[in-house]
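Take a walk through this fold, one element at a time. Have the coordinates open as you read.

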Amino acid sequence: MLKTNSCLAILVLSVALGFATIARAEKRVALLVGNNAYENIPRLQTAVNDARAVGTALRRLGFSVMVVENQPRRAMSEAMLAFDKMIEPGDIALFFFAGHGFEIRGQNYLLPTDIPEVREGQEELIRDSAFPADRIIDRLQARGARTAVLMLDACRNNPFERPGGRGLRGSGGLAAMTPAEGVFIMFSAGAKQTALDRLSTTERASNSVFTRNLVRRLAEPDLTLVQIAKRLQIEVRQLAASVGLEQTPAYYDQVVGEIVLNASGRTTPADPPPPQTAALLSDVDKRAAEAVPAPPTDPAIAELDALAAAKSWSELRSHLTTVRPTARDAHWASLAEQAAIGELTPLATSPRPFDDRLAALERYATTFPILNDNPKFLALRSSIGLSAFGDCLEQAYGAADCRRGLENFVRTTPKSVGTARADLARDAAHLVGRKLNRSAAAPFFAIAIEAPAETNAAVCTDPDLTDAVIAALSRPPDWDEAKASKALTEACWSTLGPAVVAQVARETGDSYYLGNACPTLLRRDALTGLRAARCQEIKSR
């Protein structure tokens, strides 16, 4: 039976008036919340992945992103307070929530993970324990953000339903939100429609049908919010119809003028998100169908155009190498990109052995070196590589070998193309942290921290970083994990320092943790009393 998680994604944009003249350049800040691990109502599967995917897309648009996951009410409130402090007048501020939502008499609420189980007649428990969606908009506007964006991927199935009708009754969806002037709202489905999680129970996609397409459209340059909404209506409606369901995203536009989040004039090009087969292939189809401005002078190029039009990707790859070097112009490079995207995209969700997928990537990277500076190819390479190494870590191939292979894969990503390497390193850290152990994530975070200073802030606020560093500091000092954790502690002291200090009180004996952490703590004069004396004794041995 087809499974849905009935998620409603809402995109709310509010332009705050009164800040038309800002002396400094605007910055872009974003808080993303993904809640899967609900304690008293059904748990979710893709909310955390959706938050991470949108976060990756936003980083590529120049946002400083803070991601928090599985938040109870107090933690979520503290995260929002921290986000408030990040926003200054004139900024672009974005809030994203993926998790359960519920509607009560026309008001939509976002549910933290510790929301209590609620029965009929107890609606006020939700009001007291959850976050009104309208209030989020008010907070962003109150901070003076020039542009405030609210994205909600809030599940629309009733999480309080119980067998026998004893649970809290719901209307089966979130209510429409009527925008004020300067506000743009987009739903993943029409009001009261059910939004698809996956197209089938066997589909391996880690994001909802709406979110996977939203992220892809955020990566496409020069689209206004209205254009994004229109394209999503077509794409999501067609995908839902393919499995016999109805889902058409709705949007409400009260913004004066046009809003473009991904302008092509930006210095850092927006890479596409982790691709889905149909999504990337549709882009290739469009490019293959476009008319060539002028017939190529080399007959061999005409043959290549014919292969691209026929989507004969492997044959196109072979013939591209026969073109003489002096004829390999921008058009030839475009055909190489099309061949790579067309042939490799299915590997992102392929059941083929992981080493076959990696070999296919390597073949393109070595045959067409020009692709190693291509943002779209690098994004696809990251998606396929992470999927392949994820399978490697789950299978009996030797976790240590898989981890080393993944680290080499990350390090061979060029540093020169935007934040591709840093983003891949962070995604790899999340992967090994989930599938192997938390300490194994530290070396990947250390690779990410090698990026320019503007990227370091995102690494230091990563929600998985603290656990990874604390665990890695407990490894023998000559291990890569321990070495990486010490470098991370120094680089991210402002965010890691309190947790590293607090762990000292929990250690007993002459632990590896104390041996690794004490030199840094003493140098920074971060300890007092017995803790300082204890570290001083260990250091002097």
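In which strand does A93 lie? A93 lies in strand 4, residues 92-104. This is a predicted model, in which local features need pLDDT of at least 70, side-chain atom pairs count only at pLDDT 80 or more, and totals for chains, interfaces and linings use all residues. Residues are numbered from 1 along each chain as its sequence is written, and side-chain values use heavy atoms, with hydrogens and water left out. Helices (H or I, at least four residues) and strands (E, at least two) are DSSP runs, numbered from the N terminus.

Stay with A93. Its relative accessible area is 0%, so A93 is buried. Buried means under 20% relative accessible area, exposed means over 50%, and partly exposed lies in between (1.4 Å probe, protein chains only). Which residues does A93 touch, leaving aside neighbours within four places in sequence? They are V29, F83, I87, L140, A145, T147, A148 and V149. Contact means heavy atoms within 4.5 Å. A93 and L150 are 57 residues apart in sequence, and their C-alpha atoms are 8.5 Å apart in space.

Strand 4 pairs with strand 5 (residues 107-110) in the antiparallel sense, over four bridges. Two strands pair if DSSP finds at least two bridges between them. I104 has Q107 of strand 5 as its bridge partner. Two residues sit between the strands of this hairpin, and R105 takes a positive phi near 50 degrees there. Strand 5 also pairs with strand 6 (residues 131-132), again antiparallel, over two bridges. There Y109 stands opposite P132.

Strand 8 comes next. Is strand 8 buried or exposed? Five of the five residues of strand 8 (residues 183-187) are buried, so the rest of the structure largely encloses it. V183, I185 and F187 point one way, while F184 and M186 point the other way. Strand 8 runs antiparallel to strand 9 (residues 251-253), and three bridges join them. I185 stands opposite Y252 of strand 9.

Helix 5 is mostly covered too, with ten of its ten residues buried. D222 is not a glycine, yet its phi is positive, at about 70 degrees. Most residues other than glycine have a negative phi. D222 has a relative accessible area of 40%, so it is partly exposed.

A second case sits further along the chain. K311 is in the loop between helix 8 (299-309) and helix 9 (313-320). Its phi is positive, near 60 degrees, and K311 is a residue other than glycine. K311 counts as partly exposed because its relative accessibility is 44%.

Now turn to helix packing. The axes of helix 10 (residues 330-344) and helix 12 (residues 375-394) come within 10 Å and cross at roughly 20 degrees. Helix 10 is therefore roughly parallel to helix 12. Axes are lines fitted to C-alpha atoms, for helices over the stretch in contact, and angles run from 0 to 180 degrees between N-to-C directions. Angles under 35 degrees count as roughly parallel, over 145 as roughly antiparallel, 65 to 115 as roughly perpendicular and the rest as oblique. The crossing is left-handed: the near helix is turned anticlockwise from the far one by less than a right angle, whereas clockwise would be right-handed. Helix 10 supplies E337, A340, I341 and L344 to the contact, and helix 12 supplies K376, F377, L380 and I384. Six of these residues are nonpolar, none polar and two charged. Here Ala, Val, Leu, Ile, Met, Phe, Trp, Tyr, Cys and Pro count as nonpolar, Asp, Glu, Lys and Arg as charged, and the others, Gly among them, as polar.

Helix 11 (residues 354-367) also packs on helix 12, at an angle of about 155 degrees with the axes 8 Å apart. That makes helix 11 roughly antiparallel to helix 12. This crossing is left-handed. The contact includes F354, L358 and Y364 of helix 11 and F377, I384 and F389 of helix 12. By class it has ten nonpolar, two polar and three charged residues.
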